[in-house]
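Have the sequence and the 3D view open as you read.

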Amino acid sequence: MKISFLGHSAFVLSDTKRVVIDPFLTGNPSASVSAEELGPVDMVLVTHGHGDHLGDAVELAKKHGAVFVAMHEIALFAKAKGVERIEPMNIGGTVEVGGVSITMTLAVHSSDFEGGAAHAAGFVVGMGGHRIYHAGDTGVFYDMTLIRELYAPDVALLPIGSRYTMGIREAVKAVDLLGPDVVIPMHYGTTPLIPQDPAEFRKAVGSRANVVVLMPGESFSF
Ligand code: ZN
């Protein structure tokens, strides 16, 4: 399993399939690749409709013939925009796509998109014997304990930027509730509104988990 950070909340998970999550590349000052340069992807996952998450998802799904996985309303929006393969879902549900299991989890956050609104969410992606939790945009919430009990993610991708999501203090609590082996911080430093020092986060997490700080363009393999 290789986890590549593209900047902000955008990641590619590569194992049996290539799964891109929240591909905000065009207009993202921290993006490590352009939407045109991004290699082929099998699936495009979108946690919620805000532009810094939906980003280039529709265009990438169309270009690569990828399966677009998102909240029901956002998936229908993508279909109306010309995406052929969609997997609409909602919080608490799981879909199996090409041997990859995708569970949609709660996120505590607002969300709208061009012409609609839909609840924000997160994902647990099960692939190659691993379970990766992408929290989307969210504050910390106690039901992260349920995510741990039901899905036991080994890697958690957590926002730490504060203002719009958890900050460091809350993300440390999330690590306590989720119990992952590895934590990768996201959603910080992209703009001056969400400054954060990942070294401070690592220090605050201490021995709870291995904090892997990725710069845009960097990858973590395990
Ligand atoms: Zn958001």
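Strands here are DSSP runs (E, at least two residues), as helices are (H or I, at least four), and both are numbered from the N terminus. Two strands pair if DSSP finds at least two bridges between them. This is a predicted model, in which local features need pLDDT of at least 70 and side-chain atom pairs count only at pLDDT 80 or more, while totals for chains, interfaces and linings use all residues. Residues are numbered from 1 along each chain as its sequence is written, and side-chain values use heavy atoms, with hydrogens and water left out.

Look across from β11 to β12. Phe123 has His134 as its bridge partner in β12, and Val124 stands opposite Tyr133. Two residues lie between the strands of this hairpin, where Gly128 takes a positive phi near 55°.

Now turn to the other neighbour. β8 and β11 also pair in the antiparallel sense, over six bridges, and Ile102 stands opposite Val125 in β11.

How many residues of β11 are buried? Seven of the seven are, so the strand is largely enclosed by the rest of the structure. Buried means under 20% relative accessible area, exposed means over 50%, and partly exposed is in between (1.4 Å probe, protein chains only). Ala121, Phe123, Val125 and Met127 point one way from β11, while Gly122, Val124 and Gly126 point the other way.

Let's step back to the whole sheet. It is open and has seven strands in the order β7-β8-β11-β12-β13-β14-β15, with mixed pairing. The edge strands, β7 (94–97) and β15 (210–211), each pair on one side only. Helix α4, residues 144–151, lies across β8 (100–106), β11 and β12, and runs at about 165° to β12. Such angles run from 0 to 180 degrees between N-to-C directions, with axes fitted to C-alpha atoms, for helices over the stretch in contact, where contact means heavy atoms within 4.5 Å.

Finally, the structure holds three aromatic pairs. The rings of Phe5 and Phe11 have centres 4.9 Å apart and planes at 35°, so this pair is tilted. Rings of Phe, Tyr and Trp (its six-membered ring) pair if their centres lie within 6.5 Å; planes under 30 degrees apart count as stacked, over 60 as edge-to-face and the rest as tilted. Phe5 is buried at 4% relative accessible area, and Phe11 is buried at 0%.
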